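Please have the sequence and the model open side by side. The text below goes from the ligand shell to the whole chain and then to its domains.

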Amino acid sequence: MYLSRRLDDREIQLKRQSKIYFQISSAGHEAVTAAAGLLLRPGVDWLYPYYRDRALCLMLGVTPLDTLLQAVGAKDDPSSGGRQMPSHWGHPRWNLVSKSSCTGTQFLHAAGAAEATLYYEHRQKALAQAQQAPLGEHVNYQPEEIVYVSSGDGATSEGEFWESLNVACAKKLPLFYLIEDNGYAISVPVEVQTAGGSISRLVKGFPGLHIAECDGTDLLESYVVCKEAIAYARERRGPALVHARVTRPYSHSLSDDEKLYKTPEERETEARRDPLSKFSLFLIREGLLDQKEIESLEAQADREVREAADQALAAEHPEPSSIPLHVYSQDIDPTSASFATEPKFQAAPKTMVEMVAVTLQDEMARDERIVVFGEDVADASREDTLREVKGKGGVFKATAGLQRKYGSDRVFNTPIAEASIVGRAIGMATRGLKPVAEIQFFDYIWPAMMQIRDELCVLRWRSNGAFKCPAVIRVAIGGYLTGGAVYHSQSGESIFTHCPGLRVVMPSTALDVAGLLRTAIRCDDPVMFLEHKHLYRQPYNRSEYPGPDFTIPFGKARLVKEGEQVSIITYGAVVRRAEVAAAALQREGISVEILDLRSLSPFDWEAIAATVRKTHRVIVAYEDMMSWGYGAEIAARIAEELFAELDAPVKRVAAMDTFCAYHPKLEDAILPQTDDLTAAVHCLLAY
Ligand SMILES: Cc1ncc(C[n+]2csc(CCOP(=O)(O)OP(=O)(O)O)c2C)c(N)n1
Ligand SMILES: [Mg+2]
């Protein structure tokens with residue numbers, strides 16, 4: 001406790017001297033986090049601690065030097081190598097999973113990690129496969145392990161807290177929540193965050209949740225209360241939540257001054273509850289230590305802090321040349337030639353959606369790490385009914401039969417909570433599983449946006465390669481549905497290609513579904529796999545099954561049709577429209593080349609450059625809205641690097657900058673059509 005406080009004090013001093021760049025303290029939170037640290041098992045339990053858990057981390061094995069290396073942003077900072085702010089804990093040796101700055105996202109990762117605990121309990125093969133995969137040395141499982149997650153009072157207002165409690169109670173997860181309530185979220189008092197002012201009171205209706213309160217500034221009381229809660233989770237009786245009331249004497253962070261919103265009386269009352277002075281008094285009162293002995297212990301800690309600070313200040317800085325490292329996996333390159341395989345066709349032609357199911361079926365047989373979940377993806381959650389009914393298997397049937405074949409622990413329905421689907425996938429993938437989660441409609445992906453943009457694609461980079469979460473997120477996307485309207489027709493892929501660390505692919509044929517989905521599963525990066533709903537059951541893009549080992553590398557376009565005069569660079573449902581346009585233009589004697597990118601990030605620049613050099617006239621066509629869309633990047637890059645090759649400006653064909661309407665006449669006008677492509681070709685040729 002004392003060491004933790006002194007490290008905060010030293011950091012504050014260093015910040016004032018501009019030797020570090022940020023500080024956030026654990027002051028006031030030391031007693032309950034130290035108690036939790038005494039009870040949790042280093043290297044056995046899995047931890048998702050938040051920024052005020054310095055004492056806990058020190059108890060578990062993080063050293064004062066480790067924490068100060070974070071503060072100075074050193075190359076050898078074990079949490080992030082100088083990429084994250086201090087007190088954003090992470091250390092693979094202690095199963096301390098790298099934490100972002102987002103309040104609340106960790107609850108869902110912890111839930112996913114606890115689901116992995118239950119999965120590994122009876123899936124030894126999955127564990128062995130996870131240990132053989134890249135970073136497998138950090139995959140571990142112990143029968144008695146639990147998962148710890150903490151946050152402040154304010155972060156419990158995030159939906160992710162409630163979503164995680166819902167799943168933790170429904171699945172009786174071995175999850176220990178520690179809510180460190182210091183009465184404020186920056187300047188906002190707890191009664192504004194939490195109806196009634198008490199989170200432990202508010203969660204009382206959750207079935208099977210062990211709930212306890214304690215004075216988190218009292219080490220002994222905290223120890224007793226946390227011990228019981230941790231035992232409850234360890235004995236697999238379900239999740240447990242401890243609501244600890246603590247103090248926050250050093251304001252929110254060094255950028256905040258609590259005198260602006262707390263009265264002097266309030267601060268005085270808080271000061272009297274300081275865990276450090278309370279514990280010293282207790283030790284003396286009980287005759288366990290005298291003043292001298294305490295001072296000697298403190299001097300020892302002071303020395304440790306001094307030495308660690310000297311070492312940290314002399315530590316090597318990270319090199320700018322290291323910046324691109326760990327955006328993506330260095331172990332598996334999904335663009336490499338090893339993913340270029342020949343199909344071994346078998347059986348009758350399949351539609352795109354049938355191909356999703358059969359590919360998943362084969363991959364699941366090969367790899368027990370794969371779990372499939374989402375809204376309606378199971379055949380039937382109530383297993384008994386499966387004797388009498390056929391089963392659902394997805395609103396589009398993309399996962400039909402998988403639960404029946406592989407069991408309800410591998411294929412299951414989730415609550416309608418998209419952040420939860422992605423957040424849980426992140427937690428599972430961090431622990432070595434291979435989640436293939438489904439977002440039912442792209443239009444409803446937005447609750448998961450923070451999980452995708454701030455967590456899924458960032459974990460590997462922010463932890464400097466120590467952690468990863470290579471989940472596959474399958475998403476049904478797109479319009480041309482005749483009646484899909486505003487909320488079942490959206491595109492928006494460029495929002496996700498704008499996320500470093502995430503691979504984005506969008507096949508337009510059944511064969512490409514088989515090859516690219518398998519690559520998505522076998523690669524080591526998170527992948528957003530976009531399945532166009534309009535293409536799911538078309539006769540024109542069907543294919544025979546190309547065999548259980550057929551893969552297609554990411555970043556390789558498909559040359560759909562060779563041509564001489566104009567190039568159409570496209571993907572998704574527009575590919576077919578381009579083909580129809582090209583056939584009509586052929587009858588006029590105009591020769592069009594078509595490139596289906598199929599992999600949007602990374603994309604095949606070589607193929608684009610080749611077609612531009614060949615025809616010198618180019619259209620980038622995409623279903624999404626014209627402005628700020630995917631084509632903007634392609635057009636800009638062509639203009640920048642191939643300007644001299646162009647005989648006409650780069651043209652975009654895309655949707656109107658509106659929403660997609662219900663009436664077919666409106667939908668037709670809004671989305672790009674064959675005629676729009678034909679007109680654009682004429683326009684370029686007339687330039
Ligand atoms: C999603 C998100 N929203 C807002 C913030 C800015 N922010 C950082 S900490 C914080 C307050 C958190 O309060 P609480 O959970 O009570 O934790 P405490 O700092 O009091 O320990 C806020 C609003 C953030 N980091 N993440
Ligand atoms: Mg708080």
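Strand 2 (147–152) and strand 4 (184–185) each contribute at least two residues to the shell around ligand 1; strands here are DSSP runs of E with at least two residues, helices are runs of H or I with at least four, and both are numbered from the N terminus. The shell has 16 residues, of which Thr103, Gly152, Gly154, Ala155 and Ala185 come nearest. A residue is near the ligand if its C-beta atom, placed from the backbone, lies within 6 Å of it.

This is a predicted model: local features need pLDDT of at least 70 and side-chain atom pairs pLDDT 80 or more, while totals for chains, interfaces and linings use all residues. Residues are numbered from 1 along each chain as its sequence is written, and chains are lettered from A and ligands numbered from 1 in the order in which they are written.

The chain as a whole has 25 helices and 21 strands. Its C-alpha atoms fill a box of roughly 100 × 65 × 45 Å along the principal axes.

An automatic or database assignment divides the chain into domain 1 (2–317), domain 2 (338–545) and domain 3 (558–686). The centres of domain 1 and domain 2, taken over C-alpha atoms, are 34 Å apart. Their contact takes 35 residues from domain 1 and 32 residues from domain 2, where contact means C-beta atoms, placed from the backbone, within 7 Å. On the domain 1 side, helix 5 (105–122), helix 6 (124–132) and helix 7 (159–170) each supply at least two residues. Helix 5 gives the most, with 10 residues.

Terms used. Two residues are in contact if their C-beta atoms, placed from the backbone, lie within 7 Å.
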